[in-house]
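The report below is meant for someone meeting this structure for the first time. It takes up aromatic rings, helix packing and backbone angles in turn.

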Amino acid sequence: MLTHLITPLLMCIGMGLAYLGAFAHPAPHHLPVAVVGSSRSAQLLAQSINDKAGGDLEVRTVAHRSTAVHQLKHQDIFGAYVPAANGNGGAGDGNGPARADGSGNGNGNVNGKAPELIVATAASDTSASVVQKIFTPLAAQQGAPLKVTDVAPTAADDPTGQGIFFLLVAISIGSYASVAVIGGAGAVLPIRLRAALAVGTSFVVSLIGTAFAGPVFHLVDHGLWGLWGMAWLYSAGILLIGTGLHTFLKRWTTLGVMALFVMLNFTSSGGIFRPEMQNGFFAALHSFWNGAGFVEGVRSHVYFDGYGLSGHLWTLALWLVVGVLMVGVAALAERRRRTAEAVAAANAAAVAAAAVAATVPEPARKPVRGAVDDGVEEELEEAVGV
């Protein structure tokens, strides 16, 4: 019993280190923002903010409001501050009233008397909130309330944009929990059949995830086919990697896939805090881990007109390739194992045939199904418990 307690205790340690290490002290690390304006005062303001931030922010200046919006939609920056004194973004030709989005044709300040902060909450609601906390006191020093404009809002039924992260959680659990079932209950099957089951299961899991995202909870209002494709790539990668690992890890497979696809995966996905709000370890994982590929890929596909989508699709595809290679390595290992067992059985049979027959035959041995069944049962119990 004490040896079986090792697994949940390791899960406790791993989850604590991962989640608290990633989420306990969120703070900006070189978070890129912009000050709109080309004047000397705008440059001095940007330099002043940079000096006070001490590396927490990377403040640049952009000449026009439209440039800032473009960079926000490409996630090059996560906030743009337009000082009240600036008349940037469409001073116009004097033929009509200016509009708040800077595209008007009036004369005068497009922001009225209020400074403006431009954000894109679809990129990260938490980053947008942090940027707002930074620039609100600055606007107060100018004696005017801060006007906040969201140029990339999330879906109406997903106001924080974190529904994509919880969709990631659902698809991940459906995928890695199925690994224990395929590897445990399906251990007697050839690995090619287990791999086929993994691919089929990933198809079902991705359809369930797409249904949750669309008709059930309305997390996204368009692009469901693209979301399904990314969900399948993500789920198939997890299932194939886990199926291959089971050949080597056996009852420790559940802990192994949890470490890969929960502890390191959820925390580096950017679904709660973007890498600019995390320490260097999880920020580095974000650049190539499969959960980050899924979350950022869905964001790009749904909210940012597919900008940067190809890179995220390559990330998911490479993890799928790793899964295929892992299954191939497992197939070779199992073939060698079967060959070694066959040679050992042939040698034992030859020795038995050459030996003198005993006068009293040995009682028939009971099949050793009990040990196998116990191992399968332990795996399934761990999967259900997780």
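This is a predicted model: local features need pLDDT of at least 70, side-chain atom pairs count only at pLDDT 80 or more; totals for chains, interfaces and linings use all residues.

The ring centres of W289 and W319 lie 5.0 Å apart and their planes stand at 65 degrees, so the pair is edge-to-face. In the chain, W289 sits in the loop between α10 (280–286) and α11 (290–303), while W319 belongs to helix α12, and the pair links these distant parts across 30 residues.

## A stacked pair elsewhere

A pair of aromatic rings is described by the distance of the centres and the angle of the planes. The count of such pairs in this model comes to 13. One of them is formed by Y81 and F135, which are stacked, with 5.1 Å from centre to centre and 15 degrees between the planes. Because Y81 lies in strand β3 (residues 80–82) and F135 in helix α4 (residues 125–141), the pair ties together parts that are 54 residues apart in sequence.

Y81 has a relative accessibility of 0% and so counts as buried, and F135, at 0% relative accessibility, counts as buried too.

## Helices α6 and α12

Two packed helices are described by the angle between their axes and the distance between the axes. Helix α6 (residues 191–216) packs with helix α12 (residues 309–354) at an angle of about 155 degrees, and the axes are 10 Å apart. Angles over 145 degrees count as roughly antiparallel, and α6 and α12 are therefore roughly antiparallel to each other. The crossing of α6 and α12 is right-handed.

On the α6 side the contact involves I191, R194 and A195, which meet V327, A330, A331 and E334 in α12. The residues of this contact between α6 and α12 divide into five nonpolar, two charged and no polar.

## Helices α7 and α11

The axes of helix α7 (residues 224–249) and α11 come within 10 Å and cross at roughly 175 degrees. That angle makes α7 roughly antiparallel to α11.

From α7, the residues G226, L227, M230, A231, Y234 and I238 meet N290, G291, F294, G297, V298 and H301 in α11. The contact of α7 with α11 is made up of seven nonpolar residues, five polar ones and no charged ones.

## Two positive phi angles

Most residues other than glycine have a negative phi. Q75, however, is a residue other than glycine with a positive phi near 55 degrees. Q75 lies in the loop between α3 (65–73) and β3, and with a relative accessible area of 18% it is buried.

K250, which is not a glycine either, has a positive phi of about 55 degrees. The position of K250 is in the loop between α7 and α8 (253–263). Is K250 buried or partly exposed? With a relative accessible area of 40%, K250 is partly exposed.

Methods: Residues are numbered from 1 along each chain as its sequence is written. Side-chain values use heavy atoms; hydrogens and water are left out. Axes are lines fitted to C-alpha atoms, for helices over the stretch in contact, and angles run from 0 to 180 degrees between N-to-C directions. Helices (H or I, at least four residues) and strands (E, at least two) are DSSP runs, numbered from the N terminus. Angles under 35 degrees count as roughly parallel, over 145 as roughly antiparallel, 65 to 115 as roughly perpendicular and the rest as oblique. A crossing is left-handed if the near helix is turned anticlockwise from the far one by less than a right angle, and right-handed if clockwise. Contact means heavy atoms within 4.5 Å. Ala, Val, Leu, Ile, Met, Phe, Trp, Tyr, Cys and Pro count as nonpolar, Asp, Glu, Lys and Arg as charged, and the others, Gly among them, as polar. Rings of Phe, Tyr and Trp (its six-membered ring) pair if their centres lie within 6.5 Å; planes under 30 degrees apart count as stacked, over 60 as edge-to-face and the rest as tilted. Buried means under 20% relative accessible area, exposed over 50%, partly exposed in between (1.4 Å probe, protein chains only).
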